[in-house]
Every structure is written in C-alpha cells, then in structure tokens.
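Please keep the 3D view open as you read.

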Amino acid sequence: MNRVARFEKVSKGQFVRDWTDTFGGTAEGAAAVYDSIRLPRRATTGSAGYDFYSPLAFTLAPGETIKIPTGIRTWMREDYVLAVFPRSGLGFKYRLQLNNTVGIIDSDYYGSDNEGHIFIKVTNDSNEGKTLTLPCGDGFAQGIFLPFGITEDDEVTDIRNGGFGSTTK
C-alpha cells in the first residue's frame with residue numbers, strides 16, 4: 001500500500017474556538033470533547049475509506065442539517081487530495097448527504113490559518129420521513145485519499161491561507 005498521508009488532531013485551542021463558535025457552551029466542555037476525539041481509521045484491510053467519528057451525539061429529522069467541527073486535520077503528499085463522503089450505509093438508509101456533495105481537502109489546507117481543521121456539514125435528506133440518531137463516537141463520514149494531476153501549462157504560485165472559499169478570493 002502507498003502511504004501518502006497522516007491524520008492528526010488540531011490543537012486544543014483551535015478546537016475549543018471552533019467548537020464554541022459552532023455550538024456555544026464553555027471552553028471546559030469543548031476541551032472535554034477534544035480529549036475524546038478519535039482519529040479516522042479504516043474498518044478493514046480492504047477498506048478504501050477512513051471513517052470519521054462524530055465527537056457528539058446528534059439527531060437529525062428529515063431536512064435538518066448539522067455542521068461538525070471534527071477536530072481533525074491531515075497532512076498529505078502534495079499530489080493527493082482527501083475526498084470526504086457520507087458513510088454509505090447512512091446515505092443509503094437516511095439519504096445523509098454532505099452539503100457540498102463531496103468534501104475536497106487539498107494538501108495545502110494543512111498549513112492554513114485554522115490549522116487545516118476539517119468541518120463536515122451533513123443534512124438528513126430523507127424523503128421517507130426517517131430521523132437519524134447517531135451516538136457519539138459513531139462513524140458518519142469517510143475520507144478517501146486520491147492522487148490527482150495538473151495540466152502541463154499550470155504555473156500557479158499562489159499560497160492558501162484559509163478554508164471554505166479561500167482559493168477563489
């Protein structure tokens with residue numbers, strides 16, 4: 001197997017800022033959540049996807065959305081990208097979908113001013129009236145590292161500093 005990346009936690013300070021900005025609460029409560037974060041991992045030797053585990057229990061009725069600060073960042077080779085998808089079982093049973101369809105984590109996001117903190121925003125898009133209840137620590141998304149190429153005439157020299165939408169500013 002070609003080893004191309006490494007998952008890490010963002011710093012506790014970064015996580016506490018992002019968690020309290022998203023959900024409110026206290027720094028102490030956010031710090032306790034941080035201490036329980038599990039790094040993504042594959043379930044079996046044949047799995048392509050690394051499961052992302054929810055740092056909180058949540059319930060989503062049809063049409064409801066939640067933005068989850070995962071506490072995770074990833075270093076990867078510069079010729080790779082991390083593509084994030086919902087776990088297939090949750091997509092099949094509840095039509096759980098990422099709000100941006102597929103999350104694309106670029107290699108240079110790791111050094112961003114938010115430490116490359118990966119947020120995952122999902123919606124229960126059930127058209128069958130199914131409510132999703134996910135316990136804390138259960139997998140809800142999966143990431144797959146994929147190689148990519150660039151065009152022969154690519155001369156980009158810009159440097160990233162930011163997250164969502166930062167490369168189009």
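1. A salt bridge, as used here, is a side-chain nitrogen of Lys or Arg within 4 Å of a carboxyl oxygen of Asp or Glu. With that in mind, look for Arg6, Glu8 and Arg73, which salt bridges link into a network. The structure holds seven salt bridges.

2. Some ground rules. This is a predicted model, in which local features need pLDDT of at least 70 and side-chain atom pairs count only at pLDDT 80 or more, while totals for chains, interfaces and linings use all residues. Residues are numbered from 1 along each chain as its sequence is written, and side-chain values use heavy atoms, with hydrogens and water left out.

3. Next, the strands. Strands (E, at least two residues) and helices (H or I, at least four) are DSSP runs, numbered from the N terminus. Strand β1 (residues 5-9) runs antiparallel to β5, and five bridges join them; two strands pair if DSSP finds at least two bridges between them. Arg6 has Trp75 in β5 as its bridge partner.

4. How well covered is strand β5 (residues 72-76)? Four of its five residues are buried, where buried means under 20% relative accessible area, exposed over 50%, and partly exposed in between (1.4 Å probe, protein chains only).

5. Now take the salt bridge between Arg87 and Asp51, whose closest N and O atoms are 3.4 Å apart. This pair links distant parts of the chain, 36 residues apart: Arg87 sits in the loop between β6 (80-86) and α3 (88-94), and Asp51 in strand β2 (residues 50-53). Asp51 counts as buried because its relative accessibility is 9%, whereas Arg87, at 29%, is partly exposed.

6. Arg95 and Asp125 also meet through their side chains in a salt bridge, at 3.0 Å from N to O. They too connect distant parts of the chain, 30 residues apart, with Arg95 in the loop between α3 and β7 (96-98) and Asp125 in the loop between β9 (119-124) and β10 (132-134). Arg95 has 34% relative accessibility, so it counts as partly exposed; Asp125 is partly exposed as well, at 31%.

7. Glu128 and Lys130 form another salt bridge, with 3.3 Å between the closest N and O atoms. Is Glu128 buried or exposed? Glu128 is exposed, because its relative accessibility is 56%, while Lys130 is partly exposed at 35%.

8. Finally, have a look at the segment after β11 (139-147), where Asp153 is found. Asp153 counts as exposed, because its relative accessibility is 61%.
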